[in-house]
Amino acid sequence: MNWQLAWPEIALAVCGMAILIFGVLWKGRSNAFACSMLTAGAFLLAALLVLSQGGGLGYNGLFVVDPFSSYLKLLILAGAALSLILSVDWNEREGFQRFEFPVLMLFSVTGMMVMASASNLMTLYMGLELQSLALYVLAAFNRDDARSSEAGLKYFVLSALASGLLLYGISLCYGFSGTMNFADLAKAAANPAGVSPGLIVGIVFVLVGLAFKISAVPFHMWTPDVYEGAPTPVTLFFATSPKVAAMGLLLRVMVGPFGHLLPQLQSLIVLISIASMVLGALAAIGQTNIKRLMAYSSIGHMGYALIGLAAGTTEGIRGVLIYLVIYVFMTVATFAGIGAMRRNGRTIEKISDLAGLGRNDPMLALILVICMFSLAGIPLLSGFFAKLYIFLAAVQVGMWTLAVIGVLTSVIGAFYYIRVIKVMYFDQPEAPFDRRPASLSFVAVAAGLFTTFFFVFPAPIIGAAQVAAKALLG
Amino acid sequence: MIASIAFYVFAAILLVSAAMVVTARNPVHSVLFLILSFFNAAALFLLAGAEFLAMILVIVYVGAVAVLFLFVVMMLDVNFAELRGGFQRYLPVGATVGAVLFVELALVLGGWQIAPDAGQLRFAPQPPDVHNTAALGRLIYTDYVLLFQIAGLVLMVAMIGAIVLTLRERKTSRHQSIAAQVGRDVRDTLELVNMPLGVGVSEFYRPLVEQPPPLHSDQPVIAHAGGGHGDGGHHAAEKR
Amino acid sequence: MNDFFATTPGYVILTFAQALAILVPLLISVAYATYVERKVLAAIQIRKGPNVVGPFGLWQPFADALKMIMKETTIPSGANRVLFLMAPMLTFGLAMIAWAVIPVNAGWAIADINVGVLYLFAISSLGVYGIIIAGWASNSKYAFMGGLRSAAQMVSYEVSMGFVIVTVLICVGSLNLSDIVLAQSRVWFCIPLFPMFIVFFISALAETNRSPFDLAEGESEIVAGFFVEYSAMTFALFFLGEYANMFLMSALTTILFLGGWLPPLGLPQFGPLWFILKVWFGIFVFIWVRGTFPRYRYDQLMRLGWKVFLPLSLLYLVLTAGALMAFGWLPSVPGT
């Protein structure tokens, strides 16, 4: 039994418990800050462990480590670390700086890393539950705020329903194939005598459960409310790491064990993808709250990413992986901007509140402009390349409709992104925001630079995505 | 024969009580029916030879989880009739979804083939010389140790979550310091004095803790006695 | 004769007879436990105790029983009749059925099942229902408060009790009660696991709602807690249930820590005599504690359960497992 394969997860979990004990015992005034820093250190340690790992299958086939899982894990850790940095000052200003916040984030990340390495339906489920349970609590972390509590409760109830569907699907898969192991499931799915309908129904339920987690239409209903209600750093966390983990899991499940059935399931994925893109583009137009806008934006982006899965080729998978990296960084930069929206010590979230930012805080406005253009997919910014690789993969396998619809919805989407820019520069200016903390500027600049200058040196990421995609398709 | 009669009896009670959980008017009755159905499920486990699972089901679900359910349901004043108000409104949609799922399931189960040796496996899930407690333990702690540990983490996160969301440190509550109580010495609280006859306590008694000076100095000193005994003594002395 | 007992009706009759053979002595013991309790408390408080009915007051339990049976069972007007009457029967019935697995002597158990200790644990954890249902069904504030207190208390102490049982189990390697007793033929577990023995006994006091953990009853604060509305036979059933539970917990302590039916110090064995003596000793300690300690306050009770017993039992469990592992004393379990 090759138990060392789970070193990064074990290290994270142990660090989490140690930090928890530290936070309980050390009652200093800044123990939340200290725990956040320790958690960031734990993320770094886990990242190093991930990088230093070989590959292989361990724990009786429950757990797999390959370039694909390592790629996802690094991305998850990066997203979580950036959200964490953003959360430190935010929580303090909002008055709920508590050491449990980073600890919950850490355990959630542990769950996501298990998801990335799942090679058995049970591991998948356990990782998913660990991840979601911590997320429910994080969403409701500002417990004295009605909206935050509502967000937590809503997410909990709907997510529990989705988990129920997922479990039901898993039980059908198990019942009709006799195994929960991905390798054996792949054999069952490749059965030349035909696949039993029970297995197909099971797979569809699994697909539904995972689609809920990436908030693809028609399982997106929770997203806007949760994004709006949760504290901003938590919203950022929701928008990055869990999406990466769930999308990775979706790729692994759909390409790995059920790869032989992918052609049959393709129409379903195409449908979800188109619905997500269209809804993401249209529903965002009427939004006045910037966090709700970002919620619809993320629904749309998941729709684009699903195009790559629908294509089902190495190029498609690679496209999805590149898309995820770029999506994470532009989302981080945007949310850093949203995090700065605070006037006289109170958080503000309306798009109209951004008015005059171009004059009051040109640097932040510039970063937001870059983000909005990138999210819209304007050439030479990273968001453009993300979409380019995806559409190319779709065109290569002859899915012209999908690519055309993608381009059309991008154009519609550009409208509301650019509207935000218009508000910042051309509307009647309002009072300036409060001084933004240094951590926020750091996150905004780092993610903004990545978004801007991705085109200069894209090779390492594209290369890594290529390796990961190859590993997945085997 | 007895086993199959028992099976049908337990299964029937299980189904009836499960239905009653949903339909009972009084939420407390619902929880009690839930407990009854847990019991019957445990009995079915027993019949299938899974005695460990049966006992754990009773200990965990009936002995702990359902107690807390009952606790909460009894404490909450939830108007369940009101909650069910939306039932009529959502009935058509719900029924449609249910019907679609049912048809799907029927299709799925149509494709179900019972494995030829399933009959032998039923009711004898393990070789006779291995207790199923031992067999379960062997699997959980070796083959599935990863999942077991993750399950532990899930429970811990749930615990952290419950504490984070509900614990409020109250500034006003007074905590008991056991160490201080136990560490107290006789000398800290008790003073033994030899009382001469005919002398009041107030003349004799010196309080351990400094008392605030009396507000009106012209009044006879009452305050420094600090307790009922001193008071009485003082008056006795005055009278004399 | 043996052939007859192998058939289905014969088996049923045999089991029935065995059940009677356990329950009749148990009920008589329960009746006399009330007498013993009053006598012992009287001795502790330098009084005489019951001494009027019969020689040394020995017929007192029967007089009490007669009184209870003759009185009227009153049911409060707002009460939930079915549950109100069900609660005492539940308490009493649970205290009885637990005895099905108790081995009073080598091979003397009605059902010598593999998971006997889990069965006992399960049954003892159900005892809370009688109390919480009684508290709710009485439709009275005091009764309800008693029920809630009891629910929280029993759930809390079950946790550490579970860990204590696990500690014993890893020393035995079996969940069968007879095996647990036989594993103590060299040394009773109360010696190597002394802290666990203490934790278990105190938790047993809490599980049976006995003083100093009788907050569910708390006659000086919530009059009589969960059974404030009960009278006559329903009250008697609660009363019997409480004493039967004491016997059960005492028997469990005997089996887990005091070597069951095994004689001490190499003395000869007379059937279940030693078992009975040990159980009665446990009952005596129960009463002794009641005569000695004041009632815990609610927060102290919770503190003791969660902040003292739980960490202590967990720590000792880990230590025990470590010691067994380090010295290679782990019991062998068939099939692993």
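This is a predicted model: local features need pLDDT of at least 70, side-chain atom pairs count only at pLDDT 80 or more; totals for chains, interfaces and linings use all residues.
Local features need pLDDT of at least 70 and side-chain atom pairs count only at pLDDT 80 or more, while totals for chains, interfaces and linings use all residues. Residues are numbered from 1 along each chain as its sequence is written, chains are lettered from A and ligands numbered from 1 in the order in which they are written, and side-chain values use heavy atoms, with hydrogens and water left out.

Q: Among the two pairs of chains that touch, which has the most contacts?
A: Contact means heavy atoms within 4.5 Å. Chain A and chain C do not touch, their nearest C-alpha atoms being 14 Å apart. Chain B and chain C are in contact through 28 residues of chain B and 31 residues of chain C. The contact between the other two takes 35 residues from chain A and 28 from chain B, and the pair with the most contacts is chains A and B.

Q: How much area do chain A and chain B bury between them?
A: Buried area is the accessible area (1.4 Å probe) that two parts lose on being put together, summed over both. Of the area between chain A and chain B, 82% is on carbon and sulfur atoms, and the total is about 2600 Å².

Q: Which three residues of chain A supply 21% of the area that it buries against chain B?
A: These residues give more than any other three on the chain A side. They are Met126(A), Arg143(A) and Phe176(A).

Q: Which residue forms a salt bridge with Asp144(A)?
A: A salt bridge is a side-chain nitrogen of Lys or Arg within 4 Å of a carboxyl oxygen of Asp or Glu. The rule finds one across the interface of chain A and chain B. Its closest N and O atoms are 3.1 Å apart, and the partner of Asp144(A) is Arg168(B).

Q: How many salt bridges does the rule find across the interface of chain B and chain C?
A: Chain B and chain C bury about 2500 Å², with carbon and sulfur atoms giving 78%. On the chain B side, Met55(B), Ile59(B) and Met74(B) supply 22% of the area, more than any other three residues. The number of salt bridges across this interface is zero.

Q: How far apart are the C-alpha centres of domain 1 and domain 2 of chain C?
A: Domain bounds come from an automatic or database domain assignment. In chain C, domain 1 is 23–63 and domain 2 is 71–327. Their contact takes 13 residues from domain 1 and 15 residues from domain 2. The distance between the C-alpha centres is 22 Å.

Q: Which residue of chain C forms a salt bridge with Glu37(C)?
A: The two domains of chain C bury about 1300 Å² between them, 85% of it on carbon and sulfur atoms. Leu26(C), Val30(C) and Glu37(C) supply 38% of what domain 1 buries against domain 2. Two salt bridges are found across this domain interface. With closest N and O atoms 2.9 Å apart, the partner of Glu37(C) is Arg290(C).

Q: How many disulfides does a search of the whole structure find?
A: A disulfide is a pair of cysteine sulfur atoms within 2.5 Å. The sulfur of Cys171(C) is too far for a bond, because the closest cysteine sulfur, in Cys190(C), is 13 Å away. Over all chains, the number of disulfides is zero.
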